[in-house]
Amino acid sequence: MDVNLVLAVEENNQEIISGYPEADIFKFYAHPQETFDLLKKVNNVPENVPEIILKHHYRPDGSGFPSGNAVTVSPLEAIFILSHAYVHKFYMGGFDRDRVPAIYKEIAETFKSPQFKVALKALTSALATLYPQIILFKK
């Protein structure tokens with residue numbers, strides 16, 4: 001898979017996405033469902049792992065995939081989704097630590113729905129130890 005396609009999809013950059021063959025785009029959008037289906041057939045995979053993988057591109061505004069609709073996420077799924085989004089933003093920012101507060105602000109805005117409250121509080125607490133300018137999450 002072309003990393004530029006992956007990055008374009010994560011950033012919802014339609015200009016870049018439209019330059020790829022439809023088959024490549026479809027394959028990328030299908031990877032959560034395909035991985036879910038595969039993991040359901042594997043023995044000894046913890047029960048919640050397939051669901052976590054299925055939902056890792058979910059966004060509270062419904063813009064994620066594969067569902068594209070608002071779905072319910074468990075606290076563990078929320079932590080994985082939030083972590084995935086944070087790492088992507090940190091990567092896109094060139095791993096520039098000076099950008100962490102801005103990345104945090106964007107993540108906090110994107111994932112402000114109640115089902116991400118615990119995960120966001122954990123991220124806030126972890127980052128605030130390194131970046132005091134991040135105001136601690138309020139209950």
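## Helices and the basis of the model

Helices (H or I, at least four residues) and strands (E, at least two) are DSSP runs, numbered from the N terminus. The structure is a predicted model, in which local features need pLDDT of at least 70 and side-chain atom pairs count only at pLDDT 80 or more, while totals for chains, interfaces and linings use all residues. Residues are numbered from 1 along each chain as its sequence is written, and side-chain values use heavy atoms, with hydrogens and water left out.

## Backbone features in the loops

Asparagine 12, placed in the loop between α1 and α2 (14–17), has a positive phi of about 55° although it is not a glycine. Phenylalanine 95, in the loop between α5 and α6, likewise has a positive phi of about 55° without being a glycine. With 47% relative accessibility, phenylalanine 95 counts as partly exposed, a class that lies between buried (under 20% relative accessible area) and exposed (over 50%), using a 1.4 Å probe and protein chains only.

## The largest pocket

A pocket is an open set of points on a 1 Å grid over the protein atoms alone, where a 1.4 Å probe fits, with protein on both sides within 12 Å along at least five of seven lines; lining residues have an atom within 4 Å of a point. The largest pocket has a volume of about 390 Å³, a volume being the space filled by probe spheres set on the points, which are joined across faces, edges and corners. Of the 18 residues that line this pocket, Val9, Glu10, Asn12, Arg59 and Ser63 are the closest to its centre.
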